[in-house]
Amino acid sequence: MSIIANVSRRGFLKGLASSGALVLGARFYPKVLWAEGLPADTHADHATLHPSVFVGIDTDGTVYIVAHRSEMGTAIRTSLPLVVAEEMDADWKRVKVEQAIGDPRYGDQNTDGSHSIRSFFEVMRQAGATARFMLIQAAAQQWNVPPSQCRSDLHAVVHGQTGRRLGYGDLAAAASKLPVPKKEELQLKPRSAWRYIGKGMASYDLTELCTGKAIYGMDARVDGMVYASIEHPPVLGGKVKSCDDKEALKVAGVLQTVPIDPFKPPPAFQPLGGVAVIADNTWAAFQGRQKLNIVWDNGPNESYDSGEYKKELQATAHQPGKVVRNEGDVDAAFAQGGQGGKIVEADYYVPLLAHASMEPMVVLAEFKDGKVTAWAPTQNPQAVQDIVSKELGISKEDVVCHVTFLGGGFGRKSKPDYVAEAAVLSKKVGRPVKVVWTREDDIKFDYYNAVAAMYMKAVLDTNGKPSAWLQRSVFPPITSIFDVNAVYGDPGHLGQGWTDIPYDIPNLRVENGPAKAHVRIGWLRSVANIYHAFAVQSFSDELAHTAGRDPLQYLLELIGPPRVLNLKNTNYPNYGAPYDAYPVDTGRLRRVTEMVAEKAGWGKRKLGKGSGLGIAAHRSFVTYVATVVEVEVNDRGEVRIPRVDTAVDAGTVVNPELTRAQFEGAAVFGTSVVRSGEITATRGVIDQSNFQDYPVARMNEAPYQTNVYLVESTAPPAGVGEPGVPPMVAALCNAIYAATGKRVRELPLSRNKLVG
Amino acid sequence: MIQLKVNGAERSFDGDPEMPVLWYLRDILGLTGTKFGCGLALCGACTVLQNGEAIRSCVVPVRDVAGKEITTIEGLSPNGLHPVQRAWMQQNVPQCGYCQSGQIMQAVALLKSKPKPTDQDIDDAMSGNICRCGTYQRIRAAIKAAAEAKA
């Protein structure tokens, strides 16, 4: 057996064979130049402090581009290198993409928050332009002409007057001896000259992905490795009281059992603890684990019961909370409105959600000579370095994390608890250990998207428009995994569709109430936007119907005239993006709303009995999305989704076809949230276990046709992986109302009765 | 000793006959193109062909495939790409790609029994295969394109 392909041990550019190769690193850039104009603490700022990409050109003309972000299905391994190739004027067919290990010199590698293109677009352009600059200089020197007479022409430099031409490979050695230019010297290509950006390219990995050759974490193999399956404490924070492993050890192939210490609160990314069964194949490890006889001390979270907890959240949502945004005087308007206008109130509820990526948590790690090497399907290899070094008491530099393909991530694989498990076990066992979670482990020991209760109240004036709007959300915050006392939403997650409600209402108050976590809470594709947009966009639809208005026209009125939202008096991190470059622009939200309505034939389509259209619009990850969903509900209450239309303004789009694919996928993901997404706990133990009781949308339940329309834009690039989910959830529920007259205020749909 | 054929090659296995074919393929033979997703035949990531029919290899013990011929994604078209794989590439189907070996094997079995499948045929055959990235629309288009190409 050989070490898995596609990763090198510590080498950044293993393919660079010849000594005359030109190797460029963004690290050469003076950081002060890069940091100019950027506020502290943005993702981009982090990227520039610790430059992020390496470009290499070999003397045979092969261009190596390092992908430092994780590939979990967004084709980021294609799209970011494509930006480098664009500015280099490189021939994509001669580009080889190599996956980076975890290393702070790349800058931020946490492939989360839909910001890879946004944060690294300019970084990659400059890296490519630097290479092109040096190649042109080298050619000009060789021809003894001014560089201004030379230009690049797809993997070559040409001299305009004489037509002389030298390939990049021929120039690599000479260019490598030249000084790296300053950023000011670089000339980026004008938009009109782009050959790749905006046109896109199929996935660099397409063949491997269609032939079973792509190496995921599940597929990592090294000589001498053993397999581990871990029985975790069923309740968060539980401990092993006693363990009888006699029967487990009798299973053929089982080698030993190993206890893993419980975590010290807060859990963060520490192993959960429990007992591992080590075997010489995965199946034997699974079988042995079933024979373990463990008595648990469940600890205080045994009191956690989802039914009771829901009542607590909803009661809290009806109490005054912490004010996170306040305009006008909501209370006065409610008092006045009570005398003439109409007051509308509604409660919305979204349960815990599990990620259920197709590849469960899995990793291979080897502890040897005081160092750890991991082959991990991780969204965040630097977090792997952090937690593994902490768990084993070694330095971060002694943790090498190779990033394999990820069989889905959706935020779960930003949290490397499973990698730490393998490292801890390898040290104890003295061999490379592959930890394989079952689907049951994945569902029961997730970092769940928070359960949330939202209380909404508005008063409508005589025109049916709200003169005052109060919204209050209550959910156990993600920060609870890092701080046992955290109960309020942090600004980042309140800023996901809550603080930044883009409505034109004179009296507006946004609040948040406290909730204690009893399970690990985490990020899931679009995170707090899921429940916040569900409440805001459903309530908007309710108000439209209450006012007897068309939901589209009503929504546009709520959004109001084109303007930039003034959020100066709030704590609004804007997804880490600078607000001047990425403001909340209601004009852009209006535009996608009008665009999707037109494309979907809103108000013009003839629909049959039991059919309906719903609409929702939402900005998240600095991208504007509006969605129209068509549903058919039959007399048994079964919902079919014949068509979804989605309009997207994500600014400049690098790879349009694969961007559309992200929004098609988001429509399916949102469908799963609405239809069946629900995790519950009884006495602290998660009730669900596999796809039979945590169903996700299958082909016959997914939208039949999703049409995605991208707004042509020269605005800076924004997110595309997550923003499709929130409006899909709300638009689907609004469509169900249009079709049935039944308002879905509590997810999932399986909790609602659509007929009778 | 269990005798069987995997991707055209004769194999014999003297391990636990209850071991599912999935783990035999992956851990013993090193054929990792076939994926583990649920262990209960609920998701289809482990789909392989047994004498040309799609099976969920995560719940079929090796003893049950004695004397049979198993085809995995690695053996689908040893020399180049199968028409279904070509269609998958043309339609840019995969996102994360983890489920796609199973999807492709299921589609190959479908097209063998129904060379011109209707939407209902596709729903019926493919709804046992979960794709969490949500590539169903492109899977459907790829199956139709492959059916066209073969015609």
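# Close-up views of a predicted two-chain model

**View 1. A helix laid over three strands.** Helix 4 of chain A (residues 116-143) lies across strand 5, strand 6 and strand 7 of chain A, and the helix runs at about 140° to strand 5 of chain A. Keep in mind that this is a predicted model, so you are looking at a computed picture throughout. There's another helix to find here: helix 5 of chain A (residues 168-176) lies across strand 6 and strand 7 of chain A. Helix 5 of chain A runs at about 80° to strand 7 of chain A.

View 2. Now zoom in on the strands themselves. In chain A, three strands make an open sheet in the order 5-6-7, and their pairing is antiparallel. Which strands stand at the edges? They are strand 5 (150-152) and strand 7 (165-167) of chain A; each has a single partner strand, so one side of each is left without a neighbour in the sheet. On average, neighbouring strands of this sheet are turned by 20° against each other, if you ignore direction. As a reminder, strands of a sheet pair through backbone hydrogen bonds, either parallel or antiparallel. Strand 5 of chain A and strand 6 of chain A (residues 156-159) run antiparallel and are joined by three bridges. To get your bearings, find A:Cys150: it stands opposite A:His159 in strand 6 of chain A.

**View 3. Where two domains of chain A touch.** Chain A is divided into domain 1 (22-211), domain 2 (217-299 + 361-436) and domain 3 (306-353 + 447-751). This view picks out domain 2 and domain 3 of chain A, whose C-alpha centres are separated by 37 Å. Their contact takes 13 residues from domain 2 of chain A and 14 residues from domain 3 of chain A. On the domain 2 side, the residues divide into eight nonpolar, three polar and two charged.

**View 4. The two domains of chain B.** Over in chain B, the domain assignment gives domain 1 (2-75) and domain 2 (83-150). Their C-alpha centres lie 21 Å apart. The contact takes 15 residues from domain 1 of chain B and 13 residues from domain 2 of chain B. On the domain 1 side, strand 3 (47-50) and strand 4 (53-56) of chain B are the elements that give two or more residues. Strand 3 of chain B gives the most, with three residues.

**View 5. Chain B meets chain A.** How many residues does the contact take from each chain? It takes 43 residues from chain B and 48 residues from chain A. Helices that each supply at least two residues of the chain B side include helix 3 (100-113) and helix 5 (136-150) of chain B. By class, that side has 22 nonpolar, 15 polar and six charged residues.

Technical notes:
Residues are numbered from 1 along each chain as its sequence is written. Chains are lettered from A and ligands numbered from 1 in the order in which they are written. This is a predicted model: local features need pLDDT of at least 70, side-chain atom pairs count only at pLDDT 80 or more; totals for chains, interfaces and linings use all residues. Domain bounds come from an automatic or database domain assignment. Two residues are in contact if their C-beta atoms, placed from the backbone, lie within 7 Å. Helices (H or I, at least four residues) and strands (E, at least two) are DSSP runs, numbered from the N terminus. Ala, Val, Leu, Ile, Met, Phe, Trp, Tyr, Cys and Pro count as nonpolar, Asp, Glu, Lys and Arg as charged, and the others, Gly among them, as polar. Two strands pair if DSSP finds at least two bridges between them. Axes are lines fitted to C-alpha atoms, for helices over the stretch in contact, and angles run from 0 to 180 degrees between N-to-C directions.
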